[in-house]
Amino acid sequence: MTRRAILRGIGHYLPARIVENAELEKRVDTSDEWIRARSGIERRHFAAEGELTSDLAIHAARAALADAGFEPAEIDAVVVATSTPDTTFPSVATIVQGALGTGGFAFDVQAVCAGFVYAMSTANAFIQAGQAQRVLVIGAETFSRIMNWEDRTTCVLFGDGAGAVVLEAGDGAGANTDAGILATDLNSDGRFRDLLYVDGGVSSTQTTGVLVMQGKEVFRHAVEKLAQTAETALAAAGLGADDVDWIVPHQANSRIITRTAQKMGVGMDRVVMTVQDHGNTSAASIPLALSVAKEQQLFKPGQVLVMEAIGGGLAWGSVVLRL
Ligand code: UT7
């Protein structure tokens with residue numbers, strides 16, 4: 001018998017305000033045509049003034065709990081992946097815990113755009129160790145708050161949102177036909193920290209700072225590393241590309257998503273794509289994509305999902321999960 005982290009519920013929340021590419025044309029020297037052609041993004045959501053990352057996280061968490069049919073008190077751990085917390089501390093996760101009344105413990109994971117994959121892997125480890133039974137895993141971000149509006153190469157790419165899942169411990173046979181997380185793969189390489197970072201922080205500038213990215217370089221790493229991590233995790237699960245029903249990738253750029261799928265030999269009819277509607281929401285992008293795909297009734301029990309992401313650090317990784 002093997003303890004498995006089984007997916008019981010999915011939910012998401014997007015702030016009401018939708019910002020079309022055309023609106024950004026008025027703000028910076030860009031065009032709808034350029035943004036679509038280079039990134040695949042058509043629109044994104046921006047949080048309202050006073051609407052915080054924790055607010056988005058709480059909405060998404062409620063939706064995931066309702067989908068799972070669990071009461072907040074039945075949850076014994078909350079893990080929030082975010083790089084845009086309300087404040088330096090406490091964690092967004094404890095704010096969510098306080099608002100919902102979940103039990104156990106709560107903490108944040110910060111691995112930027114790979115955050116959700118890191119949080120899922122962390123939750124899986126707690127469940128497999130017997131330290132948690134039901135874990136709420138949330139990706140929530142307000143990247144609109146760390147945009148440099150003087151830098152057209154980055155400010156047109158990001159958006160706000162949150163997605164959440166509920167994982168529950170269950171018994172599996174230890175085979176890759178089990179439901180639940182079958183394998184995870186995490187990587188980072190701090191030599192590349194200057195490719196994507198925020199130029200402020202508590203200890204350095206005592207300001208929040210804004211996002212700085214060498215897009216072309218990150219793109220190059222993404223195309224190389226994402227297929228690699230997905231294949232490593234699949235191999236660890238004893239599976240191959242032919243076994244994949246859905247790739248649910250980090251949504252940064254449709255060209256990265258397409259090239260990764262091509263490298264893996266998975267057709268685009270098996271890839272969930274939401275970047276056109278959400279932009280890059282960093283750690284929120286995978287759970288948002290999961291939730292949209294679920295609403296579209298794309299998923300069937302027993303199907304194999306591969307989630308993969310890369311971002312600042314660089315940090316990257318993947319999760320293989322059977323529904
Ligand atoms: O989520 C974390 C991981 N992040 C990523 O995965 C992002 C990875 N990088 C990318 O997605 C792409 O590199 C970008 C979308 C950021 C940029 O696409 P690109 O094809 O690499 O374009 P580029 O940076 O080479 O820029 C091409 C041209 C440049 O003009 P010149 O030098 O050719 O004259 C830029 O100045 O496009 C220009 N440009 C713009 N033009 C209109 C850059 N930004 C804009 C803009 N509007 N917003």
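Residue numbers run from 1 along each chain as its sequence is written. In this predicted model, local features need pLDDT of at least 70 and side-chain atom pairs count only at pLDDT 80 or more, while totals for chains, interfaces and linings use all residues, and side-chain values use heavy atoms, with hydrogens and water left out.

Me: How many residues surround the ligand?
Reply: A residue is near a molecule if one of its heavy atoms lies within 4 Å of it. Thr30, Arg38, Lys216, Asn253 and Asn280 are the closest.

Me: Which residue has a side-chain N or O atom 2.7 Å from a nitrogen atom of the ligand?
Reply: A polar contact is a pair of N or O atoms within 3.5 Å. Arg255 has a side-chain N or O atom 3.0 Å from a ligand oxygen, and Gly215 puts a backbone N or O atom 2.9 Å from a ligand nitrogen. The side chain at 2.7 Å from a ligand nitrogen belongs to Thr30.

Me: Is Thr102 buried or exposed?
Reply: Thr102 sits in the loop between helix H4 (92–100) and strand E5 (105–109). Its contacts (heavy atoms within 4.5 Å) are Pro72, Ile75, Val78 and Gln97, leaving aside residues up to four places away in sequence. Buried means under 20% relative accessible area, exposed over 50%, partly exposed in between, with a 1.4 Å probe and protein chains only. Thr102 has 8%, so the word is buried.

Me: Is Gln297 buried or exposed?
Reply: Gln297 lies in the loop between helix H10 (285–295) and E12, and has a positive phi of about 55 degrees although it is not a glycine. Val112, with phi near 50 degrees, counts as buried at 18% relative accessibility. Gln297 is at 63%, so the word is exposed.

Me: What is omega for the cis peptide bond from Phe89 to Pro90?
Reply: Most peptide bonds are trans. Pro90 is in the loop between strand E4 (77–81) and H4. The bond from Phe89 to Pro90 is cis, with omega near 5 degrees.

Terms used: Helices (H or I, at least four residues) and strands (E, at least two) are DSSP runs, numbered from the N terminus. A polar contact is a pair of N or O atoms within 3.5 Å; within protein, one must be able to donate a hydrogen and the other to accept it, and residues adjacent in sequence count only if both atoms are side-chain atoms.
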